[in-house]
Structure formats: C-alpha cells, structure tokens
Amino acid sequence: MSEYDYLFKVIVVGDGGVGKTAIAVRFAEGVFRDDYKMTIGVDFSIKTLDIQINGYGMRRVKFQIWDTGGQERFSYTRPLYYKGAVGGLVVFDLSNRRSFENLDRWFTEVAETCFSIPLILVGNKADLPDRVVARSEAEALARERNIPYYESSAKSGQSINTIFDKLGKLIVMIQEGLVIKEEEEEERKHKEYIEKYMTLADLAFQKINDANYQEALKYLKEAYKYAKEIDYKDGKKWIEEQTQLILKILKQQQAMGTQQPEIYMYCAYCNRKYRVAKIGKIRCPKCNNYLSSSA
Ligand code: G3D
Ligand code: MG
C-alpha cells in the first residue's frame with residue numbers, strides 16, 4: 001500500500017516578504033523561525049496531511065510546497081516554477097498595503113501557466129497589530145474571484161493547517177470529479193424542489209378558491225420552505241402575496257364577526273369553481289372565459 005493517495009505540487013505566490021517561506025516552513029515543520037534567509041534557487045517543503053472529504057471519506061495527501069526562492073522580482077524564471085502545480089496560495093501581508101494591491105498581478109501570472117487551478121487568498125501576519133488591509137476588502141476580492149479567503153499567521157500558526165486542509169480538499173474534489181457531481185446534485189435538488197413547490201402551490205391555490213384559508217396557509221407555508229431552500233424568488237413572492245391576502249380576508253371576517261356567505265361561480269371550460277365576493281362579470285383566471293353562476 002502506498003504511503004499516500006496523492007502527491008500535489010502546490011505553489012505559494014505573492015510579493016517578497018509577505019511570509020511565503022514562513023508559511024511553508026510553519027506548515028511543514030510546525031515551527032516559526034526568525035531567521036529566514038532569502039531562499040535561493042528552487043526549494044520545496046514536504047508535508048503529508050490526512051484530509052476528510054465531506055461525505056467521500058479520507059484521503060492521505062502529500063503536499064510538495066514550492067517556494068519562489070526569493071525570485072519575486074525576476075519574472076522570467078517563474079513559469080518554470082508554476083509548471084505542474086495543481087493548487088496554490090496567493091499571499092499578501094495584512095500590514096503591507098502594496099502587497100495587497102499587487103495581487104492581481106499574481107493571479108494573472110499563475111493563470112497564464114496553470115489553467116484554472118484552485119487558489120486560496122491568504123492575508124498573512126494576522127498577529128501584527130498594525131494591519132492596513134481590512135478583512136472586508138480582502139473578502140470582497142476573494143468573492144469576486146470566487147475563492148476562499150483566510151487570515152493567517154506563520155508566527156502563531158493561526159489558520160496554517162486549515163488553509164492546506166482546504167486547498168487539499170479543493171484539489172481532491174477536482175481530481176475525482178466530485179465538483180461536477182456536487183453541481184449535478186445541486187441541479188437535481190433544484191428540479192425536485194421546484195416540482196414540490198409547484199404541487200404545494202397548486203394545492204394552496206385550490207384551497208384558496210374553496211375559501212378553505214387555514215388549509216391554504218398550511219400548503220403555502222410548506223411550499224415556502226422549498227422556495228426558500230433554492231432561493232426561488234418569484235415563488236417566494238407569490239406565497240408572500242397570497243399569505244398577505246388570506247390574512248387580510250381572515251381579519252375582515254373576524255371584524256365582521258360572521259362568516260361571509262359563500263358565493264361561488266363556475267367555469268364551464270375548466271370545470272373549476274371559484275369563490276367570489278358577489279355574482280358578476282368575472283373571468284376565469286385560468287382560461288379567461290366568463291364564469292357562470294351555476295355549475
Ligand atoms: P517571503 O518568503 O514571502 O519573502 P518570508 O517572506 O517568509 O521570508 O518572511 C518575511 C518576513 O516576515 C520575515 O521577517 C518573517 O519572519 C516575517 N513573517 C513571516 N510571516 C509572519 C507572520 O505571520 N507574522 C509576523 N509577525 N512576521 C512574519 P524578517 O525579519 O526575517 O524579514
Ligand atoms: Mg521566501
């Protein structure tokens with residue numbers, strides 16, 4: 001049996017001095033050294049992590065973390081360094097504004113060599129009191145790029161393992177096609193919930209027409225749960241409107257102290273009956289033909 005399930009080459013990019021080497025060393029060796037020499041040449045740290053993939057079991061992942069080796073300012077060597085990477089951290093220093101403003105450059109450069117690998121945005125040196133980049137700014141950038149954001153400290157160890165755990169999860173899920181499966185699962189759930197919503201909304205509609213408002217409210221409430229789960233805005237709006245209407249009617253009925261007489265009109269085409277306030281020229285909401293006063 002192999003000692004690991006996967007060997008992942010991951011890169012750590014960002015301006016010089018943001019703490020890339022410190023993060024790699026903290027993760028691989030569990031220590032923080034004060035005397036990081038500017039790394040010379042290509043260098044990497046190795047660390048194996050057991051990662052729980054939600055619902056799919058555990059994977060043993062061996063990370064090979066590549067360090068730019070102090071070459072941040074010499075871009076011609078970097079594509080070599082990026083080659084074969086399956087994921088990466090894009091790091092800035094929370095106490096250095098410029099390192100945040102330069103992030104676009106790093107994202108672009110990585111994308112040029114590694115087509116669409118999972119990346120995580122990392123704001124490092126969270127232990128320092130003099131931060132100049134707000135969490136909300138970094139979160140906005142991460143949202144824009146649809147990637148996770150973490151604040152870390154190589155010094156205290158904050159979030160370092162969590163970041164690699166998350167990165168490993170993302171890479172495994174892509175390699176095993178689980179991302180697609182999850183998307184398919186989302187789509188299936190969406191369809192199922194829309195159908196459930198439709199059925200319940202139709203039942204509610206019938207109950208409203210029968211002036212059976214308590215029953216209607218029950219179905220509306222049930223339908224609302226499904227609409228909310230998939231954020232079906234039109235559905236939610238329809239239910240809210242119907243509910244308001246029913247509550248208004250119930251309130252009026254209560255105020256009058258008596259039940260309103262039950263007056264019905266009929267649609268000969270749809271074979272449905274509708275409760276109306278009084279007999280009149282009323283069109284069927286389904287087929288638009290005039291309703292008649294007798295069945
Ligand atoms: P780089 O590899 O991105 O160039 P380094 O950055 O890992 O070499 O770190 C640059 C400096 O920042 C180092 O200090 C290092 O000790 C410090 N550093 C890295 N991470 C942290 C952190 O999380 N918190 C704090 N407070 N300092 C950090 P020196 O003084 O050696 O330049
Ligand atoms: Mg370094």
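Hi everyone. Let me start with a term we'll need: two strands pair if DSSP finds at least two bridges between them. Please keep in mind that what we're looking at is a predicted model.

Now, to the strands. How many bridges link strand β1 and β3? There are seven, and the two strands, with β1 covering residues 6-13, run in the parallel sense.

Next, let's zoom out to the domains. The protein chain is split into domain 1 (6-176), domain 2 (197-254) and domain 3 (260-295). I'd like to talk about domain 2 and domain 3, whose centres, taken over C-alpha atoms, are 20 Å apart.

What happens where these two meet? On the domain 2 side, eight residues are in contact with six residues of domain 3. Together the two domains bury about 620 Å² between them, and 44% of that is on carbon and sulfur atoms. Helix α7, residues 178-209, gives the largest share of the domain 2 side touching domain 3, namely four residues.

And which polar links cross over? One residue pair is in polar contact across this interface, with both residues at pLDDT 80 or more. As for salt bridges between domain 2 and domain 3, the count is zero.

Definitions and conventions
Residues are numbered from 1 along each chain as its sequence is written. Chains are lettered from A and ligands numbered from 1 in the order in which they are written. This is a predicted model: local features need pLDDT of at least 70, side-chain atom pairs count only at pLDDT 80 or more; totals for chains, interfaces and linings use all residues. Side-chain values use heavy atoms; hydrogens and water are left out. Domain bounds come from an automatic or database domain assignment. Contact means heavy atoms within 4.5 Å. Buried area is the accessible area (1.4 Å probe) that two parts lose on being put together, summed over both. A salt bridge is a side-chain nitrogen of Lys or Arg within 4 Å of a carboxyl oxygen of Asp or Glu. A polar contact is a pair of N or O atoms within 3.5 Å; within protein, one must be able to donate a hydrogen and the other to accept it, and residues adjacent in sequence count only if both atoms are side-chain atoms.
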